[in-house]
Amino acid sequence: MLILGAVAMLAAFAFSTQSQAQSGLFTGLAGVWSGGGTVTLDDGSSERIRCRATYAVGDGGHGLNQTLICASDSYKFDLRSNVVAEGSQISGNWSEMSRNIGGTIQGRGGNGRIQVIASAPGFNADISLTTRGNRQSVVIKSEGSFRGATITLARS
């Protein structure tokens, strides 16, 4: 369950480095992105994961609504997030629809990289995201029943 919040945040904080200087942090994200990677669970086992994200960008690139559906061999989830960027500061909320859980997002972005913390009761995840053109690289670390994830998304 803890991976749900972490994966949600990875998609919520993707941004385009090409247009950052000209407008909001999320400018250039609108559309569908997909990809995969691996998740590592608390017992040390790893699974492949496939994800599809849909981004709706607003407020001149300063607002982002996102839907992320991911599946591995052992679970599927439906995540939603709503975040805003004020300068380099990022904040917002996330929820996992099928499990009725959610929390907050806080962090910073700039120079093609975002560093955030995704929180919920009993859960914190450090998330680093780097975007280069139409590809996103995400690294998530947590101390819960989910140790981390490495995921790569590409614009469809």
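The legends below describe close-up views of a predicted model.

Residues are numbered from 1 along each chain as its sequence is written, and side-chain values use heavy atoms, with hydrogens and water left out. Because the model is predicted, local features need pLDDT of at least 70 and side-chain atom pairs count only at pLDDT 80 or more, while totals for chains, interfaces and linings use all residues.

**View 1. A closed barrel of ten strands with antiparallel pairing.**
The order around the barrel is S1-S2-S3-S4-S5-S6-S7-S8-S9-S10. Neighbouring strands of this sheet are turned by 20° against each other on average, direction ignored. Axes for such angles are lines fitted to C-alpha atoms, for helices over the stretch in contact, and angles run from 0 to 180 degrees between N-to-C directions. Strands (E, at least two residues) and helices (H or I, at least four residues) are DSSP runs, numbered from the N terminus. Two strands pair if DSSP finds at least two bridges between them. Strands of a sheet pair through backbone hydrogen bonds, either parallel or antiparallel.

**View 2. Strand S1 with its partners S2 and S10.**
S1 covers residues 31-41 and pairs with S2, residues 46-58, in the antiparallel sense over ten bridges. Val39 has Glu47 of S2 as its bridge partner. The hairpin of S1 and S2 has four residues between the strands, and Gly44 there takes a positive phi near 90°. S1 is also joined to S10 (residues 146-155) by nine bridges, again antiparallel. In that pairing, Gly36 stands opposite Thr152 of S10.

**View 3. Asp59 in the loop between S2 and S3.**
Asp59 is a residue other than glycine with a positive phi, near 50°. Its relative accessible area of 62% makes Asp59 exposed. Exposed means over 50% relative accessible area, buried under 20%, and partly exposed in between (1.4 Å probe, protein chains only).

**View 4. The hairpins S7-S8 and S8-S9.**
S7 (residues 113-120) and S8 (residues 123-132) run antiparallel and are joined by eight bridges. Ile114 stands opposite Leu129 in S8. Two residues lie between S7 and S8, and Gly122 in this turn has a positive phi of about 75°. S8 pairs in turn with S9 (residues 135-142), over eight bridges in the antiparallel sense. Here the bridge partner of Thr131 is Gln136 in S9. The hairpin of S8 and S9 likewise has two residues between the strands, with Gly133 in the turn at a positive phi of about 60°.

Ser128 is buried, with a relative accessible area of 13%. Its side chain makes a polar contact with the side chain of Gln115 at 2.5 Å and one with the side chain of Arg113 at 3.4 Å. A polar contact is a pair of N or O atoms within 3.5 Å; within protein, one must be able to donate a hydrogen and the other to accept it, and residues adjacent in sequence count only if both atoms are side-chain atoms. Beyond its neighbours within four places in sequence, Ser128 is in contact with residues including Ile114, Ser137, Val138 and Val139. Contact means heavy atoms within 4.5 Å.

**View 5. Two aromatic pairs.**
The rings of Trp33 and Tyr55 have centres 6.1 Å apart and planes at 85°, so this pair is edge-to-face. Because Trp33 lies in S1 and Tyr55 in S2, the pair ties together parts that are 22 residues apart in sequence. Trp33 and Tyr55 are both buried. The rings of Trp94 and Phe123, with centres 6.5 Å apart and planes at 75°, are also edge-to-face. This pair links distant parts of the chain, 29 residues apart: Trp94 in S5 (residues 89-96) and Phe123 in S8. Both Trp94 and Phe123 are buried. Rings of Phe, Tyr and Trp (its six-membered ring) pair if their centres lie within 6.5 Å; planes under 30 degrees apart count as stacked, over 60 as edge-to-face and the rest as tilted.

**View 6. Residues 1-21, where pLDDT stays under 50.**
pLDDT is the predictor's confidence in each residue, from 0 to 100. The protein averages 79, and 84% of the residues score at least 70. For residues 1-21 the model has 94 contacts beyond four places in sequence. Where pLDDT is low, the predicted coordinates should not be read in detail.
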